[in-house]
Amino acid sequence: MVRTALLLGVLFIFAFANPPSAEELVLNKVRSILDARSFTQNRAFIRIIFSPAKKFIHNDRVDAVKVVETLKENGLLKLFFNEPTPIVLMFKTNGSPLFFVKIVSDTLRNIGYYRFVTDASKYNSSEFSWSVNIVSEYAADPMILQKELKKSGCRIIDIERKTPTSWSYTIDMHDAHLPVQVLEEGSVVRLRHSLSPYWLDVSRIRRLRMVSRGRNHWYPDLSFYDAQLHLVKVIERDKRSYDITVVIPKNARYIKIADIYTMKNIKDSLELHPIGSR
């Protein structure tokens, strides 16, 4: 028993005295993205394209996005299937779950995945994970996903390919925000007809006047959210409205403008008049 404990102690010290080299870290990341056969068949080529390995290390960790980009540029990463195939995408973060789901959902739609369903979700004090099922002829291109997430102030910090049809992304939300128009005092904004609710940033104004134009039969449904997308206040009016002014709650960052029945009631435009600065 004592000898076993001593042996484990020696191994523990040895592991910390000899941390993995940059090459080992990068090759392990490549191995987690490629299938075993591709990695083995192309091992020599992989060592060449990832040399020197330290170019792929950022802040003491492997730059997974750069690794994926290099694999793709060198024809080692295949993202297309011969037919529509079920795909699982898992997203992990330590940020706000509500905010995270909103950003990722919008991102998926913006890159062409309009139909997806939640597969599973898990939340604890240190991490939130959300996975979705998609049927598609191609897996999500990590480079396109990264580009779209950047619009919301998010970035991918790790990527793993569990199976040919299952990917895992770890996302940093430290600077996350909704990529929506910021309303400013004195700047009139006209919202065109849309089948989806309008989202805007109201963090810089005190009040908002909304004028309903033309053929609209608008029954206001206004929701205010804080910076982490927690609901702050809801205003609903079950009466056709033409001209209303609302006070922006102090801790509100965003407003969602909709109709309590259907967005089809807004046939023409809504004209927004921001009032007051804060």
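Helices here are DSSP runs of H or I with at least four residues, strands are runs of E with at least two, and both are numbered from the N terminus. The model is predicted, so local features need pLDDT of at least 70 and side-chain atom pairs count only at pLDDT 80 or more, while totals for chains, interfaces and linings use all residues. Residues are numbered from 1 along each chain as its sequence is written, and side-chain values use heavy atoms, with hydrogens and water left out.

**Helix 5 and what covers it**

Step back into helix 5 and select residues 64-73. A64, V65, V67, V68, T70 and L71 are buried there; buried means under 20% relative accessible area, exposed over 50%, and partly exposed in between, with a 1.4 Å probe and protein chains only. An α-helix has 3.6 residues a turn, so residues three or four places apart point the same way.

Most residues other than glycine have a negative phi, and most peptide bonds are trans. Select S51 and P52, which are joined by a cis peptide bond with omega of about 0°. P52 is found in the loop between helix 4 and strand 1 (57-58).

Next, select N59 and D60. Both N59 and D60 belong to the loop between strand 1 and strand 2. Phi is positive in each, near 55° for N59 and near 65° for D60. Are they buried or exposed? N59 is exposed, with a relative accessible area of 61%, and D60 is exposed too, at 77%.

**The largest nonpolar core**

Select L89, F91 and Y169. Of the 52 residues in the largest nonpolar core, these three touch the most other members. Such a core is a set of buried Ala, Val, Leu, Ile, Met, Phe, Trp, Tyr and Cys residues joined through side-chain atoms within 4.5 Å. Centre on F91 and leave aside its neighbours within four places in sequence: its contacts include F100, V104, L108, F128, W130 and Y169, where contact means heavy atoms within 4.5 Å. Another core, of 24 residues, lies apart from this one, and I205, I248, A252 and A258 are among its members.

**Aromatic pairs**

The whole structure holds eleven aromatic pairs. Rings of Phe, Tyr and Trp (its six-membered ring) pair if their centres lie within 6.5 Å, and planes under 30 degrees apart count as stacked, over 60 as edge-to-face and the rest as tilted. Select F100 and F128, an edge-to-face pair at 6.1 Å centre to centre with 90° between the planes. The pair links distant parts of the chain, with F100 in helix 6 (residues 97-110) and F128 in strand 5 (residues 128-138), 28 residues apart. F100 counts as buried at 1% relative accessibility, and F128 does so at 8%. For an aromatic cluster, select F80, Y113 and Y138.

Stay in helix 6 for T107, which counts as buried at 2% relative accessibility. Beyond residues up to four places away in sequence, T107 touches L145, E148 and L149.

**The hairpin of strands 4 and 5**

Select strand 4 (residues 117-123): of its seven residues, the number buried is zero, so it lies largely in the open. Strand 4 and strand 5 form a hairpin with four residues between them. They run antiparallel and are joined by six bridges; strands pair if DSSP finds at least two bridges between them. K122 stands opposite S129 of strand 5.

Finish at the open sheet of four strands in the order 8-15-10-13, with antiparallel pairing. Strand 8 (189-191) and strand 13 (243-247) are the edge strands, each pairing on one side only. Strand 10 (residues 205-212) runs antiparallel to strand 13, with five bridges joining them. Select M210 to find its bridge partner in strand 13, I244.
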